[in-house]
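Please find below my note on the model under review. The points are numbered so that each may be taken up separately.

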Amino acid sequence: MYKVFVKEIPIILSTEKNIGKQYKAIPLKLVRFKKLIKQINDGKLLYVNLYHKNPEKLERFLRKKLKVVEAGGGMVFNAKKEILFIRRNGKWDLPKGKIEKHETHQEAAIRETEEETGVKNLVVKRFITKTYHVFKRNDKFKLKITYWYEMYTDYDGELIPEANEGIKKVRWKNFEKTQKALQDSYENIKLLFPKEYLTTHPNDRVS
């Protein structure tokens, strides 16, 4: 299953026709993808499931329908088990950026994390997952596919936000502060975290 976010609304791509009563199920071969994106942007569609029995055709479909921009990003832990966050566009986010020519996904993730935060001595521990979201550039829809890596660093020096990338803050956050930050983050970022990070105390919830 894939979740492709359009303005925080996920388009589901799956091998199952029925994933919930509220979902509009559309066979992949009948999808008009750009029209679908516009309907979501206009608030006319909130739950949609695009399905095909062959899982290999799901991402192939996405890459065919929209121009793809690939990026690398990092979920960075320090010795205190804190996680590195950046503040950009009024949201808490994780460092990430576009892959350059002749660069691997992992190399891009390390470089972009260093450039956006000032952190050094990054060690990649594992690949986490890929996330997908649609954005508009020069009046055309594009698909960003971000390859995420879990990283570790013993760096305890100054954190330097990359101002020309619109980054306002860089912060280490413990478990509690990470939970709070994720309430003011993006849905595709939340996909990277174990469920315990997404469970807040009942007293913190807005009624």
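1. Where is the place of Asn54? Asn54 is in the loop between strand S4 (48–51) and helix H2 (56–65); helices (H or I, at least four residues) and strands (E, at least two) are DSSP runs, numbered from the N terminus. With a relative accessible area of 26%, Asn54 is partly exposed; buried means under 20% relative accessible area, exposed over 50%, and partly exposed in between (1.4 Å probe, protein chains only). Thr15 is 39 residues from Asn54 along the chain, yet their C-alpha atoms are separated by 6.6 Å.

2. Basis of the values. This is a predicted model, in which local features need pLDDT of at least 70 and side-chain atom pairs count only at pLDDT 80 or more, while totals for chains, interfaces and linings use all residues. Residues are numbered from 1 along each chain as its sequence is written, and side-chain values use heavy atoms, with hydrogens and water left out.

3. Confidence. pLDDT is the predictor's confidence in each residue, from 0 to 100. The protein has a mean pLDDT of 93, and 96% of its residues reach 70 or more. Over residues 202–207 pLDDT stays under 50, and the model has three contacts beyond four places in sequence for them; contact means heavy atoms within 4.5 Å. Where pLDDT is low, the predicted coordinates should not be read in detail.

4. Overall form. Five helices and 11 strands make up the secondary-structure count of the protein. Its radius of gyration is 18 Å, close to the 17 Å given by the globule rule for 207 residues, so the protein is as compact as a globular protein of that length. This radius is taken over C-alpha atoms, and the rule is 2.2 Å times the number of residues to the power 0.38. The C-alpha trace spans about 55 × 50 × 30 Å along its principal axes.

5. Of the 207 residues, 46% count as buried. Among contacts with a separation of 6 or more, 67% come from residues 24 or more positions apart. The protein exposes about 12400 Å², of which carbon and sulfur atoms supply 46%; accessible areas come from the Shrake-Rupley method with a 1.4 Å probe, and for residues only the protein chains shown count as cover.

6. Aromatic pairs. The structure holds nine aromatic pairs. Rings of Phe, Tyr and Trp (its six-membered ring) pair if their centres lie within 6.5 Å; planes under 30 degrees apart count as stacked, over 60 as edge-to-face and the rest as tilted. Phe175 and Tyr197 form a tilted pair, at 4.9 Å centre to centre and 55° between the planes. Phe175 lies in helix H4 (residues 175–182) and Tyr197 in the segment after helix H5 (187–190), so this pair ties together parts that are 22 residues apart in sequence. Phe175 counts as partly exposed because its relative accessibility is 39%, whereas Tyr197, at 12%, counts as buried. Phe193 and Tyr197 form an edge-to-face pair, with 5.3 Å centre to centre and 65° between the planes, and both are buried.

7. Ring cluster and charges. Ring pairs link Phe85, Trp92, Phe175, Phe193 and Tyr197 into a cluster. Lys173 lies over the face of Trp92, at 4.0 Å from the ring centre. The charged end of Lys91 sits over the ring of Tyr186, 6.0 Å from its centre. A charge sits over a ring if NZ of Lys or CZ of Arg is within 6 Å of the ring centre and within 35 degrees of the ring normal.

8. Which strand holds Arg87? Arg87 lies in strand S6 and, at 19% relative accessibility, counts as buried. Residues up to four places away in sequence aside, Arg87 touches Trp92, Gly166, Ile167, Lys168, Lys169 and Asp184.

9. Backbone points to check. Most residues other than glycine have a negative phi. Lys81, in the loop between strand S5 (67–77) and strand S6 (83–88), has a positive phi near 65°, and counts as exposed at 67% relative accessibility. Asn89, in the loop between S6 and strand S7 (91–93), has a positive phi near 55° and likewise counts as exposed, at 67%.

10. Lys130. The place of this residue is strand S9 (residues 123–137), and Lys130 counts as partly exposed at 26% relative accessibility. Leaving out residues up to four places away in sequence, Lys130 touches Glu59, Ile145, Thr146 and Tyr147. Tyr155, 25 residues from Lys130 in sequence, is 26 Å away, C-alpha to C-alpha.
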